[in-house]
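User: I am new to reading protein structures and would like to learn how to go through one step by step. Could you take me through some features and show me what each looks like in a real case?

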Amino acid sequence: MKPFDIVIVGGGGAGLYAAMEAMKTNPGLNIAVLSKIYPNRSHTSAAQGGANASLANKAKDDTVEMHIFDTIKGSDYLADQDAVEVLCSEAPKIIRELENMGTPWSRMEDNTIAQRPFGGAGRPRCCYCADKTGHTILQTLYEQCLRKGVIFFNEYFALDLSVDGSRSRGLIAMNIKTGRIEAFPAKTVIFATGGYAKMYWNRSSNAAGNTGDGQAIAYRAGIPLKDMEFVQFHPTGLRKSGLLVTEGARGEGGYLVNALGERFMSRYAPEKMELGPRDLVSRSLETEILEGRGFDSPAGKYLHLDLRHLGADLIKSRLPQIREMCMYFEGVDPIDEPIPVRPTAHYSMGGIDTDNFGRTVMEGVYAAGECGCVSVHGANRLGGNSLLDILVFGRIAGRAAAEEAGKFNPAPISESEVLEKEQELRSFMQPSGHYERYGSLREELGQTLGLNVGIYREASKIRKGIEDLVALKERFSHVRVFDSSDVYNTNLLQVLELRNMLDLAETVAAGALVREESRGSHTRTDFPTRDDANWHKHTTYTLEEGRPKLGYKPVVMGRYELQERTY
Amino acid sequence: MSDSTIQHHEDSRDVTFRVHRFNPQVDSKPYFDDYTIRLEKGITVLRALNYIKEHVDASLTFRAFCQAGICGSCAMRINNMSKLACTTQVWDELEKSREPDIIKVEPLRNLPLIKDLVVEMDPLVDKMKSYSNWVDSKMSEENWGKKEFLVSEAEFLKYDKATDCILCASCVSECTILRANREYVSPAVLLKSYRMNVDSRDSIHEQRLAGLVKDHGVWDCTHCYRCQESCVKHIPIMDAIHGIREDAIAERGTKDTSGARHAEAFMEDIEKKGKLVEATLPIRTNGVVWTMKNLLPMAFKMVLKRRTPPPPPLVKSTKDIEKFRAEFKEMTGHVAKDHAKKPGE
Ligand SMILES: Cc1cc2nc3c(=O)[nH]c(=O)nc-3n(C[C@H](O)[C@H](O)[C@H](O)COP(=O)(O)OP(=O)(O)OC[C@H]3O[C@@H](n4cnc5c(N)ncnc54)[C@H](O)[C@@H]3O)c2cc1C
Ligand code: SF4
Ligand code: SF4
Ligand code: FES
């Protein structure tokens, strides 16, 4: 089989932009996009808020410089400044490019692209399409890829890289609809598989499939991951599902109330109250729960987000989406009842370690989007910068891979390697006496992470978390797939995703333990301040003898000196 | 404060899910399995199915991803209506159940079945391709990224609702014409086509329109409103379908397309008889031979599926006809204008 020039794993914003740009760079290339779901279903569609770019349509004095500074400060100075410069200076171009190809942006009165304020940004530079920005960007990119004739392998699940020394030969994947294991020999592979925040399971705002597959595949192939301990939490996730109740609810005047009936934010942010910065509000909710002032339910402890005093009219006119969500997913109408909420894992800053072109240490292997870590978000990403990240670095990786693809001719992937994979998957279905159920392992994974490696971290708890993870991995070796059919075996997929999450969870916990400081999203109660002298550096993780081996990388500095991060 | 006061009070009850099963590797035909589980109020159908998969039967197969009503993966037929499992509350559904405490769950219709509740989506993607469901920009790619097109908020509002579509295929599953003819363009594809056609940045409006007026295209729609009623995003799909038709008549005239002749015949019926004689309509627009060849087989199929009443097909003046009237009044305007433009024809 003739090798593909580029195989892109993932059909979210990052993967589709990479595909488009690669075709634009060299239309003669043989490019394939593999995705475990139809590309238009990717999690990029969930982003409501928007994407940042200093177009200066709204605030005429906005500049790329200001965007750079906001991003670096927001990252708690852990972002690489050269990468941030690329991100922010490419931003206006990429937003216009999306506009030129048909993205339905909301408009200003002068008919230019509309912009609005967003957390942590000094100017209103968040470009949006109503409250469906990610969805419309993803639709547009998918439409354009169809127009350009990109070849899609929809509902294919990437299993592993085939590695030949320091190079990849391509990818091994499963056709979900037939269950067949297939080799995808490729000169270059781009991972664009999205984030890993779903490992916190029902304490996560993420889609069920945001299980860090690309990161886990890279990690197993010996490619280092970076800054995995940084996971962003959002203060108000719905109790049962973790789904997001957006900041709009508090913006309109919603109260956060504990089981004693107190508006507890008065303890933590007496002036700003419910409108304090995201990480502070998250920590406040968590404290209330930990100190026993939360409500109890079979689905876990929670607090109330109370909108009732706003009145039915305001709720119906200004917050219709939020109301609908509460009714759909929690069975609660916020006009009559308070909304049960708790903090929810939302975004993964860490990922596959790449340079500013998306290249990893393995020749021919690239990563982009939430699954990569360039790093532009450092210890904390700003709202609206993630969509931007996937677009800018998706495009850069697509171009780089297209330029490189001509240069190599990878060795073929042997049939025995494919057979081995087949047998490995079969073994999950063979009964072997004692067995474990996927559901309970996954539940426990989410629980221990939330409890021990969640918002508040401290050495003893993280150690407990690591012990739990080791035990879970042992139990995973007995996990059983009960569905033995080849066709559309979602039971098998869930188990494979769980394996990926377990591998990555170990790196998250290991990083959380070793980083003895508090920076951005990472809060150590036993080390409550930022420690630049010892910890102004990236962590990296390489798989060695089944465990993560830690390493460090300096942060690339530039114009901006370290400062305390206050708002 | 004691625990019992903090405890949120929850209703709970036993619910049976009657689920469509089919594994092509072992089953010769589909069947139903009943799963009875105890649920608390506030649970969605998707969460209930997840529970069944995890605790009762791991082989139960369905699609789900975002669990938040935005990705479109989990569309299925619940109590005989296509909708998203993740945004459907079990308690609401129980009120609609025909048999008490039983919720029927089936795969979408009009798309090939793969397994249990999973259907093939490729036919929909293929139609998006054949009807050019993308903006083909007036700006050449080399110039992209340099400056914005200026687009008014008024134009944005024209396609704002249409861009809500998450391609869940609920409307596809409910479409009356697709039941008889799977080659029919599909409501979601008409919606997307309309969205592209009204975008001033697009350059292939005419080409797209030419495709839409061909066989299996926009003129095949029966105006049953079923798609719009089932749309999970409450998109006024019929506005899009009317929009395309109006456009077709305005731009392509009345004589050159069978669709437009169809419209004229409709108008005559409604105007002269106050009734719609469906059976004679195709004959008048396409001629007898064409009708025998193309439409009769389909009509038989539709009768078999009880979609149209058996002959004599005199449709009573119902609410639907009222709707037709209103629509065609609107169209009359266009046709009249068109005639005025081409007096010689
Ligand atoms: C609720 C929510 C709201 C958000 N709001 C905003 C916002 O307002 N602004 C902002 O900037 N960011 C926001 N974000 C973050 C942003 O949406 C994501 O970071 C971004 O969309 C990720 O895009 P991606 O292309 O990297 O990955 P995704 O869109 O997640 O795509 C991943 C792709 O990889 C594929 N894939 C994964 N594993 C495999 C495998 N094993 N085999 C084959 N294919 C695979 C999937 O099928 C999918 O196509 C939000 C996130 C959430 C959860
Ligand atoms: S109105 Fe037309 S497109 Fe919609 S369901 Fe009826 S026949 Fe199908
Ligand atoms: S038009 Fe509505 S029902 Fe049809 S695919 Fe789009 S969102 Fe789903
Ligand atoms: S799972 Fe995404 S719409 Fe239901």
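Predicted model: local features only at pLDDT ≥ 70, side-chain atom pairs only at ≥ 80, totals over all residues.

User: Over how many bridges do S20(A) and S21(A) pair?

Analyst: Strand S20 (residues 537-544) of chain A and strand S21 (residues 547-554) of chain A are antiparallel and joined over eight bridges. One of the bridge pairs is A:Glu544 with A:Arg547. The two strands form a hairpin with two residues between them, and there A:Glu545 takes a positive phi near 50°. S20(A) also pairs in the antiparallel sense with strand S10 (residues 225-226) of chain A, over two bridges, where A:Thr540 is the bridge partner of A:Lys226.

User: Now for helices: at roughly what angle do the axes of H1 and H3 of chain A cross?

Analyst: The general idea is that an α-helix has 3.6 residues a turn, so residues three or four places apart point the same way. In chain A, the axes of helix H1 (residues 13-25) and helix H3 (residues 81-100) come within 14 Å and cross at roughly 85°. An angle of 65 to 115 degrees counts as roughly perpendicular, and H1(A) and H3(A) are therefore described in that way, as roughly perpendicular to each other. On the H1(A) side, A:Tyr17, A:Glu21 and A:Lys24 take part in the contact, and they meet A:Ile94, A:Glu97 and A:Leu98 in H3(A). By class, the residues of this contact are three nonpolar, no polar and three charged.

User: Is A:Ser205 buried or exposed?

Analyst: A residue counts as buried when its relative accessible area is under 20%. A:Ser205 has a relative accessible area of 8%, so A:Ser205 is buried. A:Ser205 lies in the loop between strand S9 (181-191) and helix H5 (213-220) of chain A, and beyond its neighbours within four places in sequence, its contacts include A:His43, A:Leu243 and A:His346. Helix H5(A) is itself mostly covered, with seven of its eight residues buried, among them A:Gln215, A:Ile217 and A:Tyr219. Just after H5(A), A:Gly222 has a positive phi of about 95°.

User: Finally, which residues are closest to ligand 2, and which to ligand 3?

Analyst: Ligand 2 is surrounded by 14 residues, of which B:Cys175, B:Tyr184, B:Cys221, B:Cys224 and B:Cys227 are the closest. Helix H7 (176-180), helix H10 (226-230) and helix H11 (237-252) of chain B each give at least two residues to that shell, which by class holds 10 nonpolar, three polar and one charged residues. Around ligand 3 there are 13 residues, the closest being B:Cys165, B:Cys168, B:Ala169, B:Cys171 and B:Cys231. The elements that supply two or more residues to the shell around ligand 3 are helix H6 (170-174) and helix H8 (187-197) of chain B, and the shell divides into 11 nonpolar, one polar and one charged residues.

Note on methods. Residues numbered from 1 in each chain as written. Chains lettered and ligands numbered in written order. Heavy atoms only, no water. Pairing = 2+ DSSP bridges. Helix = DSSP H or I, 4+ residues; strand = E, 2+ residues; numbered from the N terminus. Near = heavy atom within 4 Å. Nonpolar A, V, L, I, M, F, W, Y, C, P; charged D, E, K, R; others polar. Axes fitted to C-alpha atoms, helices over the stretch in contact; angles between N-to-C directions. Parallel < 35°, antiparallel > 145°, perpendicular 65-115°, else oblique. Contact = heavy atoms within 4.5 Å. Buried < 20%, exposed > 50% of the residue type's maximum accessible area, 1.4 Å probe, protein only.
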